[in-house]
Amino acid sequence: MVNTITIEREFGCGASEIASLVASRLGWSLWDERLTQEIARLTESTPQAVEQREWRTDPAVYRVFKDFLRGAFEGGLPPTNRLHLLDARRIAAVSEIAVKAALSSGPSVIVGRGSQFFLRNRKDVFHVFLYASRDYKIRKLISRGATEDKAIEQIDTTDKARAAFVRDYLGLKWPEPPLYHAMFNTEMGESCTAAMLVECVQQFERD
């Protein structure tokens, strides 16, 4: 019995909208921004801070700053474990806790945040990967208000950063097709993709 769907995606392909449609059709909880909020709570941070750091490797200047802090505080100054530094390694560790909390909350659609990796051995979880062509994703971002230059920059860098994060902090590849039960090209439209995804899950359960 499937009671959770994880949706991993290429940036800009419309995954959040599709996940919302799937959750609505199934009557399940949606963990997308809600998951970011949970990670923020667990790290004593803010959703905005988490969004800036999640699933990106630490830039060199940030790593140097962390090393400086580790060696700088002495005597009455606070130890680094009380500074609540929101680095990539901490994001990875807390993301797993947040994803498993989402899983235990009941039937859910979980978007990204490593859910397909953390839950890969569960038999009651259906894993999906969503993708689209570069041109489609750029047009989609522009339609949402991004400038062409900004859309191109985000499309060309975000998924590379995500792949680097997964490699460096989880020791895995991104994307890794064998992890997924199904992969969908979202250029068929959000409603159509959501409908096919739900039908695929239901057929998977019947089989």
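Trainee: Which residues does Lys 137 touch, not counting residues up to four places away in sequence?
Mentor: Lys 137 touches Glu 10, Phe 11, Gly 12, Cys 13, Ala 132, Ile 155 and Asp 159. Keep in mind that this is a predicted model.

Trainee: Which helix holds Lys 137?
Mentor: Helix H7, which covers residues 134-143.

Trainee: Is Lys 137 buried or exposed?
Mentor: Buried. Its relative accessibility is 6%, and buried means under 20%.

Trainee: What joins the side chains of Lys 137 and Glu 10?
Mentor: A polar contact of 2.7 Å. Glu 10 is also in the list of residues that Lys 137 touches.

Trainee: New topic, the sheet. What is the order of its strands?
Mentor: S2-S3-S1-S4-S5. It is an open sheet of five strands, and the pairing is parallel.

Trainee: Which strands are at the edges?
Mentor: S2, residues 29-31, and S5. Each of them pairs on one side only.

Trainee: How many degrees are neighbouring strands turned against each other?
Mentor: On average 20 degrees, with direction ignored.

Trainee: What holds strands together in general?
Mentor: Strands of a sheet pair through backbone hydrogen bonds, either parallel or antiparallel.

Trainee: Back to this one. How many bridges join S1 to S4?
Mentor: Six. S1 spans residues 4-9, and the two strands run parallel. Take Ile 7: its bridge partner in S4 is Val 128. Thr 4 has Val 125 as its bridge partner in S4.

Trainee: And how many bridges for S4 and S5?
Mentor: Four, again in the parallel sense. S5 is residues 182-185. There, Phe 184 stands opposite Leu 130.

Trainee: How many residues of S4 are buried?
Mentor: Six of its seven. S4 runs over residues 125-131 and is mostly covered.

Trainee: Which helix lies across S1, S4 and S5?
Mentor: Helix H9, residues 190-206. H9 runs at about 165 degrees to S5.

Trainee: You mentioned Thr 4. Where is it, and is it buried or exposed?
Mentor: Thr 4 sits in strand S1. Thr 4 counts as buried because its relative accessibility is 0%.

Trainee: What does Thr 4 touch, not counting residues up to four places away in sequence?
Mentor: Its contacts include Trp 28, Leu 103, Ile 110 and Phe 126. Val 125 is among them too, and that is also its bridge partner. There is a polar contact of 3.2 Å as well, between the side chains of Thr 4 and Asn 3.

Trainee: Let's switch to helix H2. Which of its residues are buried?
Mentor: Leu 35, Thr 36, Glu 38, Ile 39 and Ala 40 are buried in H2, which covers residues 33-42.

Trainee: What follows H2?
Mentor: Glu 44. Its phi is positive, near 50 degrees.

Trainee: Now zoom out. How many helices and strands does the protein chain have?
Mentor: Nine helices and five strands. From the N terminus on, the elements run β-α-β-α-α-α-α-β-α-β-α-α-β-α.

Trainee: What share of the residues counts as buried?
Mentor: 43% of the 207 residues.

Trainee: And what about the accessible surface?
Mentor: For the protein chain, it comes to about 10700 Å². Carbon and sulfur atoms account for 51% of that.

Trainee: Last one. What share of the contacts comes from residues 24 or more positions apart?
Mentor: 73%, among contacts in the protein chain with a separation of 6 or more.

Definitions and conventions:
Residues numbered from 1 in each chain as written. Predicted model: local features only at pLDDT ≥ 70, side-chain atom pairs only at ≥ 80, totals over all residues. Heavy atoms only, no water. Buried < 20%, exposed > 50% of the residue type's maximum accessible area, 1.4 Å probe, protein only. Polar contact = N/O pair within 3.5 Å; in protein donor to acceptor, adjacent residues only side chain to side chain. Contact = heavy atoms within 4.5 Å. Pairing = 2+ DSSP bridges. Axes fitted to C-alpha atoms, helices over the stretch in contact; angles between N-to-C directions. Areas by Shrake-Rupley, 256 points an atom, 1.4 Å probe, with all protein chains shown as cover.
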